[in-house]
Amino acid sequence: MSSLRNLLRTMALAGMSAALIAPTAVAYAEPSPADLTRRIETSSAELERVVESYNKLTEEIKTNKTSAARLQARIGPLEQQVEQSRADVAELATTAYKSGGLRTADALLRPGGSAALLDRLGTLDQLTRQRQERISGFTANQQRLLDEKSRLDATLTRQAAQARQLTAAKKQIEKDLSKLYELRRQAYGAATERPEPRAAAAEAANVPAVAGDAGAAVRYAFGALGKPYVWAADGPNGYDCSGLTSAAWRAAGKSLPHNTRMQWGVVAHISRGDLRPGDLIFYNGLGHVALYIGGGQVIDAPSAGRNVLKRGMNMMPIQGYGRVR
């Protein structure tokens, strides 16, 4: 009987252990390929939003630096003009003192006497007032420019701090992505797509014959096929989404900011029915942009870990359509 009780106790304990172990085994089950893909796409979309915010700040900082340099170029000559005017006034004051102070008696004895002296003093006084007015004008302009430059410097400092914050966020996301890529390597044997330098050559026969600037942009986009997605890059060895569209249109002689939302702000908005090769298609609340090449297809830099590719234009929700002016 004792042996039977021991056997039953052992079986009961084994059953309890199995009950405890089973849920743990499920919790730590290897993620499926579909689950890995979903997680990678979610993190890639988050990274793209951060990258586009970083690109926007970079564009704003670049603009403000140009404005600050232009202001500094104007401030320099103004400073020289102010100093020269001050020197002129000092010289006039000295002349007035000598004419009206030490030699007043001599002036009274000369032909014309007091009338001539008053005329000379009146002329000097008028010139002095004119010079002083000029100094006041130069000083006011100088102060206005210095104030504006001070505001720009404050803006640059703030934006630089924001850029550092975005860079830190980007590093965290890339850290998260690296973990997912490791899982993908385990599942598929490769974390990212390999660059395909021959992809553009393979598509050479499919480049549409498009005239004008739009044709130059389309040809550039075809030439970027197979190159890797690189965050905040606009070529020639890698691109992010807005970096590719800005580089393509730069090849056509047109300047587009390296940011999706800013590009949306400078293009002419058109309807889907008006689309023609070279136009831009905006996606996901202005979080992504691609170059339309005709036939319902686009070329874009899709996301981290992938290469520039040609694909159907309806790959994600469309925000709108734009034509480069």
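## A walk through the predicted model

At 28% relative accessibility, A232 counts as partly exposed, a class that runs between buried (under 20% relative accessible area) and exposed (over 50%), taken with a 1.4 Å probe on protein chains only. A232 sits in the loop between helix 6 and helix 7. Its phi is near 65°, a positive value in a residue other than glycine. Most residues other than glycine have a negative phi, and most peptide bonds are trans. The loop between helix 6 and helix 7 also holds P236. A cis peptide bond, with omega about 0°, joins G235 and P236.

This is a predicted model, in which local features need pLDDT of at least 70 and side-chain atom pairs count only at pLDDT 80 or more, while totals for chains, interfaces and linings use all residues. Residues are numbered from 1 along each chain as its sequence is written, and side-chain values use heavy atoms, with hydrogens and water left out.

Now the overall layout. The protein has 8 helices and 6 strands. Helices (H or I, at least four residues) and strands (E, at least two) are DSSP runs, numbered from the N terminus. Along the sequence the pattern reads α-α-α-α-α-α-α-α-β-β-β-β-β-β. Of the 325 residues, 35% count as buried. A contact means heavy atoms within 4.5 Å. Among contacts with a separation of 6 or more, 66% are between residues 24 or more positions apart.

The largest nonpolar core has 42 residues. Such a core is a set of buried Ala, Val, Leu, Ile, Met, Phe, Trp, Tyr and Cys residues joined through side-chain atoms within 4.5 Å. Y239, W249, L280, I299 and V308 have the most contacts inside it. Helix 2, helix 4, helix 6, helix 7, strand 2 and strand 3 (288-294) each supply at least two residues of this core. Helix 6 gives the most, with 6 residues. Apart from this core lies another, of 9 residues, among them I270, L275, M313 and Y321.

Helix 7 is mostly covered. Of its 10 residues, 9 are buried. Among them are C241, L244, A247 and W249.

Y239 counts as buried at 1% relative accessibility. Leaving out residues up to four places away in sequence, Y239 touches residues including Y220, A224, P228, L244, A301 and V308.

The aromatic rings come next. A pair of aromatic rings is described by the distance of the centres and the angle of the planes. Rings of Phe, Tyr and Trp (its six-membered ring) pair if their centres lie within 6.5 Å; planes under 30 degrees apart count as stacked, over 60 as edge-to-face and the rest as tilted. By this rule there are 3 aromatic pairs. The ring centres of Y220 and Y239 are 6.3 Å apart and their planes stand at 90°, so this pair is edge-to-face. The two residues are 19 residues apart: Y220 is in helix 6 (residues 212-223), and Y239 is in the loop between helix 6 and helix 7 (241-250). Y220 counts as partly exposed, at 25% relative accessibility.

W264 and F282 form another pair. Their ring centres are 5.0 Å apart and their planes are at 75°, so the pair is edge-to-face. W264 lies in helix 8 (residues 260-266) and F282 in strand 2 (residues 280-283), so the pair ties together parts that are 18 residues apart in sequence. F282 is buried, with a relative accessible area of 0%.

Past strand 2, N284 is found in the loop between strand 2 and strand 3. N284 is not a glycine, yet its phi is positive, about 45°. N284 is partly exposed, with a relative accessible area of 43%.

Where is there open space? The largest pocket holds about 580 Å³. A pocket is an open set of points on a 1 Å grid over the protein atoms alone, where a 1.4 Å probe fits, with protein on both sides within 12 Å along at least five of seven lines; lining residues have an atom within 4 Å of a point. Grid points are joined across faces, edges and corners, and the volume is the space filled by probe spheres set on the points. The pocket is lined by 29 residues, and S44, A45, E48, P302 and S303 lie nearest its centre. Helix 2 (33-102), helix 4 (113-188) and helix 8 are the elements that give two or more residues to the lining. Helix 2 brings the largest share, 11 residues.

Finally, R164 is found in helix 4. R164 is exposed, with a relative accessible area of 57%. R164 and Y54 are 110 residues apart in sequence but 9.1 Å apart in space, C-alpha to C-alpha.
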